[in-house]
Amino acid sequence: MYFLKRLVVLAPLLLVISFLAFVLVRLSPGGPFDRERKPATPEIERNLKAKYHLDEPVWKQYGRFLSDLLHGDFGMSLKYRNHTVNDIIAQGLPVSVVLGMLAFGFAMGVGLPVGFITAAKRGRWEDYTGSVLAVLMVCIPGFVVAPLLIMFFAIKWRLLPVALWGSPWQVILPTIALGLYFSGKIARLLREGMLNTMQAEFITTARAKGLSENSVLIKHVFRLAVLPVVSYAGPLLADLLTGSFVIENIFQLPGIGVFIVNGSLNRDYTMVVGLVVLYAALLVVLNLAVDLVYTLLDPRVKYE
């Protein structure tokens, strides 16, 4: 029943988000045709506004947008002439989704073992080494990691392609550059969660019953300690799936991150609102999935 209610709330929530995005983007200074190579004459500007219905009242434009949205149409891009927002999403989203899923898998695949080992081996060399690595991963941003990876792995050692998209070898460096920071965050979250959980009385009781240390750590400690990581994973996945402007630019990837930033800079109203609604829908659905995973990992969690 709880999840059914969340699904019912989804539609009005997206409606509010789309309205705010629609109004705010129109209140921002400048217009969609201000960056034309040649300044448009008043007559040309009037014709352009009439073509894209920008000369109508905002409430009427929003009603038209909603009507199109109900039919799955985000409208025409104001910057990329003769292209709809749907075309651009269909072109860029698959690239960003593949890269985002790989980066998410890399972040989990590196962060969880590092966090587990540093907590399980607290005070030993494994803890110090893993903790230093986790701090380094968090401190070095992706726009620094990406050029370093290119310089060593692509230019100096010639092991991997420099950039572009298409072959499996071309996704390795962008995946590492995008996922490394989040690996450190996940490792630190899990380590802290495990250390806190290991202080609980029921863990002492489990050890007193004669359970092996590995059994206590995996079945009791990790299961609860991973919950903060699960909470973090929902918004993180939404972020990664909708593209990274910096990483996609550095590696020349045809993802959607570039369109999000360029849409804002160019006042491409339909592009910005369409991508905001898409991001919001992903975020809400993934947060709902996180709540579902919570109930599976911790039976004490009940939603009403």
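**A ring pair and its surroundings**

A: Let's start with Phe 116, which is partly exposed at a relative accessible area of 22% (buried is under 20%, exposed is over 50%, and partly exposed is in between, with a 1.4 Å probe and protein chains only). Keep in mind that this is a predicted model, so local features need a pLDDT of at least 70 and side-chain atom pairs count only at pLDDT 80 or more, while totals for chains, interfaces and linings use all residues. Residues are numbered from 1 along each chain as its sequence is written, and side-chain values use heavy atoms, leaving out hydrogens and water.

There are eight aromatic pairs in the structure. Phe 116 and Phe 222 make one of them: the ring centres are 6.1 Å apart and the planes meet at 65 degrees, so this pair is edge-to-face. The cut-offs: rings of Phe, Tyr and Trp (its six-membered ring) pair if their centres lie within 6.5 Å, and planes under 30 degrees apart are stacked, over 60 edge-to-face, and the rest tilted. The pair ties together distant parts of the chain, since Phe 116 belongs to helix H4 (residues 85-120) and Phe 222 to helix H9 (residues 213-225), 106 residues apart. Helices here are DSSP runs (H or I, at least four residues), strands are E runs of at least two, and both are numbered from the N terminus. Phe 222 is also partly exposed, with a relative accessible area of 26%.

Elsewhere, Phe 19, Phe 22, Tyr 62 and Phe 65 form one aromatic cluster.

Now for the outside. Val 132, Leu 133, Leu 136, Ile 140, Phe 143, Val 144, Leu 148, Met 151, Phe 245 and Val 246 make up a nonpolar surface patch with about 810 Å² of accessible area together. Patch members have over 30% relative accessible area and no salt bridge; nonpolar side chains (Val, Leu, Ile, Met, Phe, Trp, Tyr) are joined within 5 Å and like charges within 9 Å. A salt bridge, in turn, is a side-chain nitrogen of Lys or Arg within 4 Å of a carboxyl oxygen of Asp or Glu. Helices H5 (125-139), H6 (142-156) and H11 (245-250) each give at least two residues to the patch, and H6 has the largest share with four. Leu 136 sits in H5 and is partly exposed at 45% relative accessibility.

Two loop residues are worth a click. Arg 158, between H6 and helix H7 (172-197), has a positive phi of about 55 degrees without being a glycine, and is exposed at 70%. Gln 252, in the loop between H11 and helix H12 (257-265), also shows a positive phi of about 55 degrees and isn't a glycine; its 51% relative accessible area makes it exposed.

Zooming out, the protein has 13 helices and zero strands. Its C-alpha trace spans about 85 × 55 × 30 Å along the principal axes, and 40% of the 304 residues are buried. Among contacts (heavy atoms within 4.5 Å) with a separation of 6 or more, 74% join residues 24 or more positions apart.

Key: Accessible areas come from the Shrake-Rupley method with a 1.4 Å probe; for residues, only the protein chains shown count as cover.
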